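Hi,

Here is the structure I said I would pass on. Have a look at it, and then read my notes below.

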Amino acid sequence: MLLNRERSETRKMPMLPIRDVVIFPYMMTPFVVGRESSVRALEEALAGDKKIFLATQHDATIDEPKPSEIYQVGTIVNIVQSLKLPDGNVKVLVEGVERGKIVSLSDEDGFFRAVVRPSNVKAEPNPQLESLISRVTGLFEQYVKLSQSLNHETMIAAVHVDDASKLADTIAANIQVGIEEKQELLEILDPTERLNRIGEILEMEIEKLNMDRTIQGRVKRQMERAQKEYYLNEKIKAIQKELGRGEKSEIDELKKKIEAAGMTKEAQEKAMQELKRLEMMPPMSAESTVSRNYLDWLLAVPWKKKTREIKDIERAERVLEEDHYGLEKIKERILEFLAVRRLVKDPKGSILCFVGPPGVGKTSLGMSIARATGRKFVRLSLGGVRDEAEIRGHRRTYIGALPGQIIQMMKKAATKNPVFMLDEVEKMSMDFRGDPSAALLEVLDPEQNYMFMDHYLDVEYDLSQVFFICTANVTHTIPPALLDRMEVLRLSGYTELEKIEIAKRFLVKKQQKATGLTDATVRFTDEALGSIIQFYTRESGVRNLEREIANVCRKVARKVVKEGRGLEAVITSDNLNDFLGVIKFRDTFAEKKNEVGLAIGLAWTEVGGQILATEATLMDGKGKLTLTGKLGDVMQESAQAALSYIRSRSYLLGLENDFYRRLDIHVHVPEGSIPKDGPSAGITMATTLASALTKIPVRRDVAMTGEITLRGKVLPIGGMKEKLLAAHRAGITTVILPKDNEKDMADLPAHIQKDLKIHFVETMDEVLQFALERPVDSLASRTPEARMAAAFQPEEVSDQGSLTH
Ligand SMILES: Nc1ncnc2c1ncn2[C@@H]1O[C@H](COP(=O)(O)OP(=O)(O)OP(=O)(O)O)[C@@H](O)[C@H]1O
Ligand SMILES: [Mg+2]
């Protein structure tokens with residue numbers, strides 16, 4: 001066959017091993033020949049037909065390769081040019097003629113002679129070959145475009161070749177692949193096969209080049225962005241410097257402030273760290289605002305500044321005396337407390353807690369203590385606080401986070417040793433967001449509060465020099481763990497006489513000053529003050545009294561402005577209603593008529609001692625007991641106990657044995673908005689029930705308080721003074737009290753004792769004896785008909801008109 005025509009011929013010719021390059025037919029290649037054997041081979045060829053066989057050695061580093069270290073397939077070339085160089089080397093230019101395979105190789109005369117079988121396989125043109133050619137040309141075109149080291153002309157030269165074998169060899173000579181791959185291509189004799197292999201190699205190479213390109217592009221873009229940012233940042237800095245407010249100066253200033261603030265080591269380190277972060281941030285970013293706020297807070301809390309503490313107890317006594325009337329026992333306790341604090345070097349004592357009704361001077365005592373000891377005064381109301389974060393702050397990761405109230409107040413105090421008043425500790429509540437009282441416990445505990453941790457500040461803050469004072473209206477809702485740490489000082493209400501004194505000495509003066517008046521323009525007579533207390537206020541403290549006095553003063557001030565300076569107003573009980581309008585509390589309980597099913601109890605609630613009318617009505621029913629008026633658990637139980645007592649005494653009270661089976665009983669304690677609790681309403685409820693059931697009215701001028709047992713014993717109760725003051729205020733003349741409370745009478749001002757008739761009792765029977773209008777007639781003394789009537793006519797038991805049929 002034509003295609004294999006030349007296969008049979010062999011030729012003997014000089015052979016030259018080459019390194020690092022594979023020569024293809026049709027390829028012009030210059031190279032330098034240096035090895036002596038090679039130069040001999042070259043000379044031999046030049047002396048002959050200028051043809052020489054070039055074959056690549058396996059390993060380029062070997063100087064004298066053995067025949068086995070030379071590839072068997074190489075190229076017969078024509079030496080086009082040769083030039084002897086001065087250093088003995090020869091520079092040659094060769095042109096590939098055709099590939100050939102070594103049949104035998106001999107080392108003669110110091111160089112290789114090879115017997116070569118040339119091979120020039122041609123491909124028959126056919127449609128598949130055509131499409132292969134165009135595919136490979138297309139790929140080569142792409143390859144040249146992507147590869148930067150090949151010139152365009154090579155491509156054009158290649159593309160214009162129409163012989164498949166020549167095309168394959170031209171491309172193979174020009175692509176940049178390794179020696180092994182090139183040798184592989186050289187060894188493929190069939191042009192179609194060779195083209196296919198070239199196509200594969202090109203596809204792979206194109207893929208590689210594309211990948212290089214994208215990576216390069218990405219790297220370039222990243223570099224560009226970083227450069228741009230750097231450039232813009234530098235520009236901003238330059239502009240700010242130009243404007244004279246370079247961030248540098250702000251950072252420097254903050255740094256100076258941090259150093260001067262006297263922070264703890266931990267805080268200072270934290271601040272410096274934050275400052276470093278701030279420095280790195282773009283100045284206008286949201287992040288930098290957060291960072292700056294944090295630094296501002298760290299700088300705003302007092303770290304070392306304190307006021308000089310006054311330890312002079314006499315001075316403290318003077319100040320307390322100047323600011324407050326009465327309260328002798330309290331003042332004494334406060335002075336003792338201060339004395340102890342003075343003697344103990346590092347006082348880790350208890351916390352003062354003032355407990356008492358509103359307006360009795362708890363807050364103002366705290367302010368006095370601050371004044372007396374030379375400390376600043378801050379106040380925080382804990383009423384309604386139910387989130388730990390309100391005490392301790394939010395972590396800085398929250399947007400808009402702030403420190404808790406403790407730290408905020410310390411900022412306000414601006415010194416680290418203020419009097420810190422925690423108002424309404426008992427009104428703090430708890431929910432799912434964490435227990436604020438636990439946080440408060442830490443604040444108040446001297447063992448812990450020198451390293452108080454606010455979530456926002458995130459550094460320990462020393463609260464140990466703060467003088468904490470708590471206030472509360474009642475103690476029973478203060479969390480026990482907190483109450484445990486407190487030294488409770490109870491302030492009971494004031495008597496009318498005390499109130500008049502307080503008004504005369506303090507409140508009037510204060511209000512005169514507040515309204516720009518003087519003694520010359522407005523004066524209050526004692527009677528006038530007494531009337532304000534009696535008819536316009538009903539309270540344990542003096543808050544409303546002060547308010548009413550302020551009312552009067554404002555009215556007078558208006559008159560002064562209207563009528564001129566010369567005006568002199570003397571306020572008496574007669575002209576009082578010109579200023580304050582109609583009397584607010586005229587009615588006293590004592591003045592009303594006696595009623596069935598209504599007894600007056602004495603209670604002690606958040607607002608101090610109080611009169612509580614307790615009502616009971618009966619309805620047809622099945623023995624249900626309903627209790628209303630916001631009664632606490634203990635109070636409800638004591639109503640049950642009262643009912644059981646009545647049932648056990650039905651015979652003596654003249655009631656049918658099973659009277660309750662046909663009745664529903666409703667007990668109500670008005671003034672429903674005030675929560676009431678405690679056992680002290682026991683005897684009042686029993687009296688109400690007894691009255692409702694026996695239809696005997698209760699005396700209206702009698703008030704009572706005491707716990708009841710199931711067997712009708714009367715047990716002692718607390719808040720005696722408060723309750724008796726309230727009874728007195730309300731015009732009660734007779735009071736029934738537990739026998740065991742007799743000892744508490746010592747606390748009661750003498751004039752109150754004189755005004756009240758007090759019965760001390762041990763049993764419920766005695767209570768009824770003093771409280772009911774007339775003695776009960778027991779069943780024994782009644783006819784059977786009367787007994788029936790009593791049992792079946794419950795509607796007659798009340799005259800309040802609230803009956804249901
Ligand atoms: N013994 C007193 N002598 C002089 N002024 C008094 C006395 N008691 C109370 N006051 C005055 O009564 C006003 C109300 O007192 P304060 O605000 O201290 O009451 P409080 O006990 O703190 O009440 P709350 O429980 O409502 O906070 C203040 O102006 C206070 O100066
Ligand atoms: Mg107060």
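Let me start with a pair on the inside: Asp-169 and Arg-99 are both buried, where buried means under 20% relative accessible area, exposed means over 50%, and partly exposed is in between (1.4 Å probe, protein chains only). Before going on, note that this is a predicted model, in which local features need pLDDT of at least 70 and side-chain atom pairs count only at pLDDT 80 or more, while totals for chains, interfaces and linings use all residues. Residues are numbered from 1 along each chain as its sequence is written, chains are lettered from A and ligands numbered from 1 in the order in which they are written, and side-chain values use heavy atoms, with hydrogens and water left out.

Back to that pair. Asp-169 and Arg-99 form a salt bridge, with 2.9 Å between the closest N and O atoms; the term means a side-chain nitrogen of Lys or Arg within 4 Å of a carboxyl oxygen of Asp or Glu. This pair links distant parts of the chain, 70 residues apart: Asp-169 sits in helix H4 (residues 164-174) and Arg-99 in strand S5 (residues 90-108). Helices (H or I, at least four residues) and strands (E, at least two) are DSSP runs, numbered from the N terminus. By the salt-bridge rule the count comes to 39.

Another one is Asp-765 with Arg-649, whose closest N and O atoms are 2.7 Å apart. Asp-765 is in helix H25 (residues 764-771) and Arg-649 is in the loop between helix H21 (633-648) and strand S19 (663-668), so the bridge ties together parts that are 116 residues apart in sequence. Asp-765 is partly exposed at 37% relative accessible area, and Arg-649 is partly exposed too, at 22%. Elsewhere, salt bridges with shared partners join Lys-12, Glu-44, Glu-108, Asp-109 and Arg-113 into one network.

What about nonpolar side chains on the surface? Met-211, Ile-215, Val-219 and Met-223 form a patch there, with about 390 Å² of accessible area together. (Patch residues have over 30% relative accessible area and no salt bridge; like charges are joined within 9 Å, nonpolar side chains (Val, Leu, Ile, Met, Phe, Trp, Tyr) within 5 Å. Areas are Shrake-Rupley with a 1.4 Å probe, and for residues only the protein chains shown count as cover.) Met-211 belongs to helix H6 (residues 191-243).

Cheers
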